[in-house]
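The following note sets out several points on the structure shown below.

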Amino acid sequence: MSKRVGILIFPGTNSEEETLRACRAVGLDSELVHWNADFDAVRAFDAYVLPGGFAYEDRVRAGAIAAHDRLMLAVREGAAAGKLVLGICNGAQVVLESGLAPGLDGATNAQAGFTRNAPLGKYRSTHVYVKLSIPPERCAITAALKPGAVIPAWASHGEGRLAAHSATLGRIAREGFLAFTYCDANGDVTPEAIPNGSALGAAAITNERGNVLAIMPHPERDAWTFMHHDASREQARGDASAMLATSGGIALFESLAKALAR
Amino acid sequence: MTVTRCVEVALTIPDNEAETALATLRRLGVELAELRRADLYRVELDPAQEDTVVATLRDLETIYNPNKHSLRVRADGKPQAGELWVEELQSESRSSAAAARAGQVRIAGRFLPGVTRIERFTAWRMLENGGEAAGPEVVARAAQTLLCNPAFQKATVR
């Protein structure tokens with residue numbers, strides 16, 4: 001029986017359709033789950049994806065109210081049991097606010113956060129690349145990627161800067177929690193590639209067990225060529241099949257699917 | 001010589017953010033009758049420039065909209081009973097020392113004459129049944145539970 005993926009929707013979530021499309025494109029049995037869904041039905045999923053948006057209008061802080069939503073009880077329970085949890089953008093903010101990552105020393109409280117971009121504190125929408133900075137197998141969701149894989153995505157956030165106390169950041173960097181860093185198209189990690197002032201150049205972090213991944217930019221928004229931001233899109237113009245060919249962002253979802261198939 | 005003033009900007013229309021925070025805190029076991037929220041600008045300034053600075057802040061529509069906000073100046077520089085101040089660490093709202101030395105402290109692009117320092121907080125005021133200010137333990141619990149992420153924010157309680 002195929003594993004079922006619940007794509008969670010809070011009031012204010014806005015990227016669920018793209019996320020659903022990417023999950024289904026890689027063969028995942030996925031469905032949208034609203035915040036008022038039957039709790040036992042939510043618990044029955046084998047994995048959870050928290051999409052982007054502005055859950056609860058980002059009231060108090062980005063992700064803070066959603067982190068305490070009833071749905072997250074099922075996600076916490078599932079993560080503790082080893083289920084896979086992928087948070088994208090606002091979903092990543094929810095994951096950090098809920099303490100699901102990094103979870104140093106088994107902590108269940110928030111040890112880090114994605115907060116206001118620096119230096120200007122402004123919303124940014126820009127195409128980015130992220131590079132896998134851990135051994136693929138360190139995180140189940142990245143296990144099928146190649147070492148150092150470079151994935152295209154769209155950064156689209158006002159609060160994407162990883163922030164934590166320096167000791168926590170040191171451990172995130174040294175102890176294998178820093179899953180992806182921003183890079184250029186060639187995979188070179190440079191300060192210019194970081195769109196938001198994120199500490200460590202972090203685009204994504206994982207948890208101790210490696211079953212949770214919180215990624216700020218949107219790989220599902222660069223899952224097909226028509227969404228991509230280089231010459232390949234221009235070359236595909238006028239050719240529908242080329243436009244609809246998968247792009248690099250789909251790789252993360254393929255890796256998720258492989259992890260769930262194991 | 002400088003003095004410290006707090007400019008408090010609060011909504012006069014229903015504050016959905018405070019209502020959501022209150023409902024969430026109650027669900028998490030923090031018993032409160034009321035929760036109020038305000039933006040707070042703590043300013044160190046030359047007292048001779050106080051009226052000008054307040055007028056400048058009052059003139060900034062990104063900070064104060066007379067159709068939906070109240071603005072008042074507080075002489076205290078720290079939280080009152082039942083109040084929690086949350087400040088973002090490494091915040092852009094903190095005036096830089098260099099800007100202060102140059103006498104060029106700005107907010108929302110506007111020069112604030114006579115200001116040597118400005119800090120922005122979110123002030124949460126908590127009331128228990130009967131309108132009493134919540135005790136410090138309740139305020140601290142509200143901060144720990146929801147209102148402050150200590151990874152990048154600092155909570156100040158009276």
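1. Leaving aside neighbours within four places in sequence, A:Ala214 is in contact with A:Gly87, A:Ala92, A:Val95, A:Leu96, A:Ala101, A:Ala204 and A:Ile205; contact means that C-beta atoms, placed from the backbone, lie within 7 Å. This is a predicted model, in which local features need pLDDT of at least 70 and side-chain atom pairs count only at pLDDT 80 or more, while totals for chains, interfaces and linings use all residues. Residues are numbered from 1 along each chain as its sequence is written, and chains are lettered from A and ligands numbered from 1 in the order in which they are written.

2. A:Ala214 belongs to strand β11 (residues 212-215) of chain A; helices (H or I, at least four residues) and strands (E, at least two) are DSSP runs numbered from the N terminus. A:Ala214 counts as buried because it has 33 C-beta neighbours inside 10 Å. The cut-offs are 20 or more other C-beta atoms within 10 Å for buried, 12 or fewer for exposed, and partly exposed in between.

3. A:Ala214 is also among the residues with the most contacts inside the largest nonpolar core, together with A:Val95, A:Val130, A:Ala204 and B:Leu147. This core has 126 residues; a nonpolar core is a set of buried Ala, Val, Leu, Ile, Met, Phe, Trp, Tyr and Cys residues joined through C-beta atoms within 7 Å.

4. Helix α8 (residues 250-261) of chain A is largely enclosed by the rest of the structure, because nine of its 12 residues are buried. Among them are A:Ile250, A:Leu252, A:Phe253 and A:Leu256. The buried residues of α8(A) pack against α1 (16-25), β3 (47-50), β4 (84-88) and β7 (150-157) of chain A.

5. In chain B, the axes of α1(B) and α4(B) come within 10 Å and cross at roughly 100 degrees; axes are lines fitted to C-alpha atoms over the stretch in contact, with angles from 0 to 180 degrees between N-to-C directions. The two helices α1(B) and α4(B) are therefore roughly perpendicular, a term covering 65 to 115 degrees. B:Ala21, B:Thr24 and B:Leu25 of α1(B) meet B:Ala142, B:Thr145, B:Leu146 and B:Leu147 of α4(B).

6. The contact between the chains takes 19 residues from chain A and 12 residues from chain B. On the side of chain B that touches chain A, α1 (16-27) and α4 (136-147) of chain B each give two or more residues. The largest share of that side, four residues, comes from α1(B).

Notes
Two residues are in contact if their C-beta atoms, placed from the backbone, lie within 7 Å. Angles under 35 degrees count as roughly parallel, over 145 as roughly antiparallel, 65 to 115 as roughly perpendicular and the rest as oblique.
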